Amino acid sequence: MAFDFWRKEAGYSIKPSDIEILPSARAYKETLLSLIRNATKRIVITALYLQDDDAGQEILEALHQASLLKPELSITILVDYHRAQRGLIGEKQSDGNAGFYYDYAQKFNSNVTVFGVPVKAKELFGVLHLKGFIFDDTVLYSGASLNNVYLHHHEKYRLDRYFLIKSSALSDAFYQFTDQILLTSAAVPRLDVKPVQKLAEVKNSHKRLMKTLRSAHYAKAQSESENSIEARLFLGFGRRGNKLNKLIKNLFELSESEMVLYTPYFNFPAPLLRVLRKKLKKGVNITIVVGDKTANDFYISPDKPFSKIGALPYLYETILYKFLKAKDTYVKSGQLKVYLWKHESNSFHLKGINVDNRYQLMTGHNLNPRAWGLDIENGILFDDPEQTLKPLLDKELQQILANSTLLTGYEQLETVEQYPDPVRKLLSQAKRVKVDFIIKKFI
C-alpha cells in the first residue's frame, strides 16, 4: 500500500492540549471575534466568501477596528474572485461583496486588504475552496465561510466542524503559502478598490497561477514530531497529481476496522466508491453522516417559488438511494451505517474523515466530483497513534448524531415519484436527454 509519499516527510509536532474542537456555529463566531480582538502581528482570512450581511459586516468591521487600534497588525483577506463579484443566486445583478469591501475600506481607511483569487476563468469550473484562518500562531480551521447562517447570527445556522490549533509552525506554513504563492501573482487583485481588475487583463498571469497551483505545496516540517500527534498539510488542485485526492483515497484504503465520513453532498467520486465497496467486502465498519435533503444549503421549500438550483438536494438523494439499495445487505447487518442529519430548518455542511481512530483529516473537501477535480482544496491530516484525540472526536460525533437518524434501508428515502412536480419534471428531463451524468460531475 503506497503511503510513503507522505510518511517520508516529518509532520508538524502538535501537543494534544493545543487542539480544541468548537461545539457549534455560535461558538465559531464568538471564537473568531475573540481571535480578531487579541491578534497582535498577523491575521489571514481565506474563505470562499465574506458575505455582505449582518454577520459579515460585523466580522469585517471588527477586522478594520483591530487594524486601527494596532496599525502594526497585518490583516489580509482572500476570497474567491468570481464569487465576490456577483449577487446571490436568484437576486438582481450587483457588484456583489466587492462593493461591500470597497465601502468599508473607504469608511475605515485602515490597513485591512481584501484580495480575489481566480482559480478558473469561470466560477462554474472551479473556485477558491481553501480553508484555514491564521491569528498570530493559531489556526482556526473549518469548512465554514462567513455569513449569517455559518455564524448563527440570527435564528438559523449551518453546522460545520471547527478546529482550533495552536502551532506557530503550522500557522507559518499557511501564511507562507498565501504570501509566496497567491499574493505574489498579478492575477490576484485587490477587491476593495474600484475598478476591480478584470481577469482578461492578466490572462497570461492567470495561466501561470493555475500552473503553479497544480504543483504547489505547503512548507514541510523541519524535524520529527516530539509529541503523539503529527500534523501534515495537503493541497489539491486538478485531477492529475492531486496530492490531497491521493491522500483521501489512501486513507480509505488504509482503514482496517472502521471509518467515519462526513459529507454535505452525497456524491462520491468513482475512485472512492470503488474503495468503499472493497472495504465493505473486507468487513470494515463504515459510518457516513450526511445532511437530509431539507438540510442542504440549496434546498427550497415546496411552498416557495421554485428555482432549478433547488433540484440539487433531490438529485443528491437519488444518488444516496441508489447507493443504499445496492448496499442493502451491509445496511441491514449494521456494518454500513448512514445517518441523515436534520435539525429544524438549519443546514448541514460537515466534511472530514476518521480512519481507525488514528488518522483524522480536517478538510473543506466535500468528497464529491467537484472537489475532486475542479476546486482548489486543502486539508490537515492528524496522525494520532495514541488516539489522544478520540475523546474530543467522540464527543463531537455524539453531538452531531443527536440530530441524526440512522437509516435502516433505502425504503426510508423518498423516490423521484414522490418529489414536488417541478423537481420530478426537471430530473426526469435531465435523465431523458442524458445530461444527468454530466451534472453529477459538477456537483
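This is a predicted model: local features need pLDDT of at least 70, side-chain atom pairs count only at pLDDT 80 or more; totals for chains, interfaces and linings use all residues.
With a relative accessibility of 14%, Thr 138 counts as buried. Leaving out residues up to four places away in sequence, Thr 138 touches Leu 35, Phe 133, Leu 164, Ile 165, Lys 166 and Ser 171. The C-alpha atom of Thr 138 is also 9.5 Å from that of Asp 172, a residue 34 places away along the chain. Asp 172 turns up again among the charged pairs below.

The other sheet is open too, with nine strands in the order β1-β10-β17-β16-β15-β11-β12-β13-β18 and mixed pairing. Here the edge strands are β1 (12–14) and β18 (404–406), each pairing on one side only. The twist from one strand to the next averages 20°. Helix α5 (residues 168–182) packs on this sheet and touches β1, β10 (229–236) and β17; the direction of α5 makes about 10° with that of β10.

β16 is mostly covered, with five of its five residues buried. Tyr 359, Leu 361 and Thr 363 point one way from the strand, while Gln 360 and Met 362 point the other way. On one side, β16 pairs with β15 in the antiparallel sense over three bridges, and Val 355 has Tyr 359 as its bridge partner. β16 also pairs with β17 (residues 377–383), again in the antiparallel sense, this time over five bridges. Tyr 359 takes part here as well, with Asp 383 as its partner in β17.

β15 and β16 form a hairpin with three residues between the strands, and Asp 356 in that hairpin takes a positive phi near 55°. Asp 356 belongs to the loop between β15 (352–355) and β16 (359–363). Although buried, Asp 356 has no salt bridge; Lys 279, the nearest side chain of opposite charge, is 7.7 Å away, whereas a salt bridge needs the nitrogen and oxygen within 4 Å. What Asp 356 does have is a side-chain polar atom 2.9 Å from the backbone nitrogen of Glu 256. Beyond its neighbours within four places in sequence, the contacts of Asp 356 are Leu 254, Ser 255, Glu 256, Ser 257, Glu 258 and Gln 387.

Elsewhere, charged side chains do pair up, and the count of salt bridges comes to 17. One of them joins Arg 42 and Asp 137, at 3.4 Å from N to O. Arg 42 lies in β3 and Asp 137 in the loop between β6 (133–135) and β7, so this pair ties together parts 95 residues apart in sequence. Arg 42 counts as buried at 10% relative accessibility, while Asp 137 is partly exposed at 28%. Arg 42 forms a salt bridge with Asp 172 as well, with the closest N and O atoms 2.7 Å apart. Because Asp 172 lies in helix α5 and Arg 42 in strand β3, this pair links parts 130 residues apart in sequence. Asp 172 is partly exposed, with a relative accessible area of 29%.

Another salt bridge brings Glu 411 and Lys 332 together at 3.9 Å, N to O. Glu 411 is in the loop between β18 and α13 (421–432) and Lys 332 in helix α10 (residues 328–333), so the two tie together parts 79 residues apart in sequence. Glu 411 counts as exposed at 52% relative accessibility, and Lys 332 as partly exposed at 47%. Finally, salt bridges with shared partners join Lys 41, Arg 42, Asp 137 and Asp 172 into one network.

Definitions and conventions:
Residues are numbered from 1 along each chain as its sequence is written. Side-chain values use heavy atoms; hydrogens and water are left out. Helices (H or I, at least four residues) and strands (E, at least two) are DSSP runs, numbered from the N terminus. Buried means under 20% relative accessible area, exposed over 50%, partly exposed in between (1.4 Å probe, protein chains only). Lys and Arg count as positive and Asp and Glu as negative; His and the chain ends are not counted. A polar contact is a pair of N or O atoms within 3.5 Å; within protein, one must be able to donate a hydrogen and the other to accept it, and residues adjacent in sequence count only if both atoms are side-chain atoms. Contact means heavy atoms within 4.5 Å. Two strands pair if DSSP finds at least two bridges between them. Axes are lines fitted to C-alpha atoms, for helices over the stretch in contact, and angles run from 0 to 180 degrees between N-to-C directions.
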